[in-house]
Amino acid sequence: MDPGTGGAPKFLKGNSWKATLVLAYQSLGVVYGDLSISPLYVFRSTFAEDIKHSETNEEIFGVLSFVFWTLTLVPLFKYVFIVLRADDNGEGGTFALYSLICRHANVSLLPNRQVADEELSTYKYECSPEIANRSRIKVWLEKNKRLHVALLIVVMLGTCMVIGDGILTPSISVFSAVSGLELSMSKEHHEYAVVPITCFIFVCLFALQHFGTHRVGILFAPIVLTWLLCISGLGVYNIVHWNPHVYQALSPYYMFKFLKKTKKGGWMSLGGILLCMTGSEAMFADLGHFSYTAIQIAFTFLVYPSLILAYMGQAAFLSMNHNPYTNHPIGFYASVPECIRWPVLVIAILASVVGSQAIISGTFSIINQSQSLGCFPRVKVIHTSEKIHGQIYIPEINWMLMILCMAVAVGFRDIKRMGNASGLAVITVMLVTTCLTSLVMFLCWQKPPWAALTFLLFFGFIEILYFSASLIKFLEGAWLPILLALFLMTVMFVWHYATIKKYEYDLYNKVSLDWLLALGDKLGIVRVPGIGLVFTDIISGVPAHFSRFVTNLPAFHHILVFVCVKSVPVPFVPSSERFLVGRVGPPSHRSYRCIVRYGYRDVHQDINSFESELIASLSDFILLKARTSVETSSESANTTFENRLTVIGSNEHVPYPGCGTLQSSNINAAELASMEDTIELLAHASAGKKGKSALSETAIEELEDLLAARESGCAFILGHSHVQVKPGSSIMKKLAINVAYNFLKRNCRGRDVSLRLPPASLLEVGMVYVL
């Protein structure tokens, strides 16, 4: 993996067939672990209650036909050939689709938006903004604020169902794999063995998460490859040995025949059939780790034919064995020859663990993305690998997932009920992806409305059919993902709502720049040595908590930096474009503004490296201003100082429409080995040269002040908020803010922890937000 982007190594990102095949092989262990183990439980879940296998074989052939066409239409046609192309700078998933839509239409609810964000190299458009689609539909979508909220709710729903899938997929996968023991022991022993063994595997699986998957990840691809070869080999054996004519059941005629005979029972059994595409969303979600071609090759030429052969083999066996092992229900292991049943059981358990690992890692990733966009309470994120960007571990979520997985296994003890729950979560995520992709086709790809509508109706009809069959099983397990989604959506929506309202409060109560510049003549203000980093959510003006700090303690640091850490709707922000730096007031005031931009998949820096990079960015900014002689007469106004921002590390000059000038630094970081060397070099150059090339004494003095302040240390000034609603607010708002939000805030990580601020250097200013 490339540590800079979280994707595959750069030498594998080339167009050579060798690199593509290597990526295709590596994708087996990450992308297809969940999808490849679906033969373990599809037939068993389908034939559990709603329909029975009869002597005519119409049921088994109908199910096989449904499985074949479902795998062909949804994972193959929809995902591999269409959805995978809706990438966001190579990244996939729900947030990738949402960020694409937000960049091409003004529907984002994220605060702190700036025109400068659109000049990021990763903030690319599918087409030029000048020729962007300005249809009435787009204008209506942008003007209707309720649609913006509805779009965010749809994204949250998909996110919550992915998290729910992170609970249900390990449960049904591991339980189905371990249930193979039922053919090798008595019913009494089996009932007391499967659940404890499943729970033991969960404990081991989740206890190893903090080590990171990079230590054992090298084994994932061989395990999945072995499993795929195993099930395809078993499929070929069963087809040849039991029923070579089973291929005829692939005709869609058998689907209509199946529904005609089984009627309502057949429709309800679709909730089990849809489990054959469990894990298809991983192809899109994990796109950033591989490439479109690699995932396409792996699925089309290995995973898809292996799954089809596996299902055909099971159908061929069942067509000639109508009551196999009467003491046990229809399942995968019944079609496995007894002589190799134990090796297949071991491989199946290993494959289920790999599939569970993939969805657990995906759950960590999507929660981290939700948190970065202000849609989830702050949690501790640990990066388990220094080299592989995307591998993270969230302790609180890990143990919650383990407890919930064990609760599902102990509470249900039935593959059918687990399948009903898992199926509803899977099909809901697919419906959300279909809706968002149709918007991407219209807004981003500039396709005509009828093309986007055709995509929505065709695949939406298939998925709604399966969705209805799953929803009808509400009392038989499908209630669980609905309950989880309602709980998680409530948490996410309350947190996001309160975050937006707090930002609006800060924006309304910010202090003018004139007030800050006049402080030297009031209240006996003292400038103390050191650097004061004032963290704020606003990108202009002075935050209210700083004014309260100065009012009660009339002193602040010699170097004052207002720091805004914000998220932008792109997956990654290049490190050379991360910092936007500008002055607050004239150079003599020694006050600056630094806006630090992160994408939704970016790794937030350690505080030591963050502090070093921020100070280096300030020195680069001072050097740039000195080299370009930026102190001109036109900058005499305070507003001009506030509006001048510089992208540190880039090589291009970028216009900042409507807000003064946005400049880009031309400074090479290699030239600045240390600030001391820089100041010494500049002093020598200034003494030995004359004219415009010589740096002014003012610039050298400013750099020396920055160095001296750094030696005195940094203090981190942070607002500590308490939120309450206005008197007379509605009961719902009181419950959401006074009860739900304050409870979450008290029990989640504080902002100082999420920013990794050292407690010894932290100053917190109490603020009461009345929303």
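Colleague: Arg413 lies in the loop between helix H16 (395–412) and helix H17 (415–443). What is the phi of Arg413, and is the residue buried or exposed? Please go on from there to the salt bridges and the cavities.

Modeller: Keep in mind that this is a predicted model. Arg413 has a positive phi of about 50°, although it is not a glycine. Arg413 counts as exposed because its relative accessible area is 52%, and exposed means over 50%.

Asn57 also has a positive phi, near 65°, and it too is a residue other than glycine. Asn57 sits in the loop between helix H3 (42–46) and H4. Its surroundings cover it well enough to count as buried, with a relative accessible area of 10%. The cut-off for buried is under 20%.

Now step into helix H4, which spans residues 58–81. Glu59 is in this helix. Its side chain meets that of Lys261 in a salt bridge, at 3.0 Å from N to O. The pair links distant parts of the chain, for Lys261 is in helix H10 (residues 253–262), 202 residues apart from Glu59.

The side chains of Lys78 and Glu463 form a salt bridge of 2.6 Å, N to O. Lys78 lies in helix H4 and Glu463 in helix H18 (residues 449–471), so the bridge ties together parts that are 385 residues apart in sequence. Both Lys78 and Glu463 are buried.

Asp88 and Arg103 join their side chains in a salt bridge of 2.8 Å, N to O. Asp88 lies in the loop between H4 and H5, and Arg103 in helix H5, so this pair ties together parts that are 15 residues apart in sequence. Asp88 is buried, with a relative accessible area of 0%. Arg103 is buried as well, at 5%. Across the whole structure, a search finds 9 salt bridges.

Move on along the chain to Gln114. It sits in the loop between helix H5 (94–104) and helix H6 (136–143). Gln114 counts as buried, at 8% relative accessibility. Gln114 and Ile539 are 425 residues apart in sequence, yet 8.6 Å apart in space, C-alpha to C-alpha.

The whole structure holds 6 cavities of 30 Å³ or more. The largest cavity has a volume of about 90 Å³. Its lining includes Phe535, Val565, Tyr598 and His604. Ser754, Leu755, Arg756 and Leu757 are also among the lining residues. By type, the lining divides into 7 nonpolar, 3 polar and 1 charged.

Finish on the surface. Phe474, Leu475, Trp479 and Leu483 form a nonpolar patch there. Together they have about 420 Å² of accessible area. Leu483 is in helix H19 (residues 479–508). Leu483 counts as partly exposed, with a relative accessible area of 48%.

Conventions. Residues numbered from 1 in each chain as written. Predicted model: local features only at pLDDT ≥ 70, side-chain atom pairs only at ≥ 80, totals over all residues. Heavy atoms only, no water. 1 Å grid on protein atoms, 1.4 Å probe; cavity = no way out; pocket = protein on both sides within 12 Å on 5 of 7 lines; lining within 4 Å. Points joined across faces, edges and corners; volume = space filled by probe spheres on them. Nonpolar A, V, L, I, M, F, W, Y, C, P; charged D, E, K, R; others polar. Patch = residues over 30% accessible without salt bridge, like charges linked within 9 Å, V, L, I, M, F, W, Y side chains within 5 Å. Areas by Shrake-Rupley, 256 points an atom, 1.4 Å probe, with all protein chains shown as cover. Salt bridge = Lys/Arg side-chain N within 4 Å of Asp/Glu carboxyl O. Helix = DSSP H or I, 4+ residues; strand = E, 2+ residues; numbered from the N terminus. Buried < 20%, exposed > 50% of the residue type's maximum accessible area, 1.4 Å probe, protein only.
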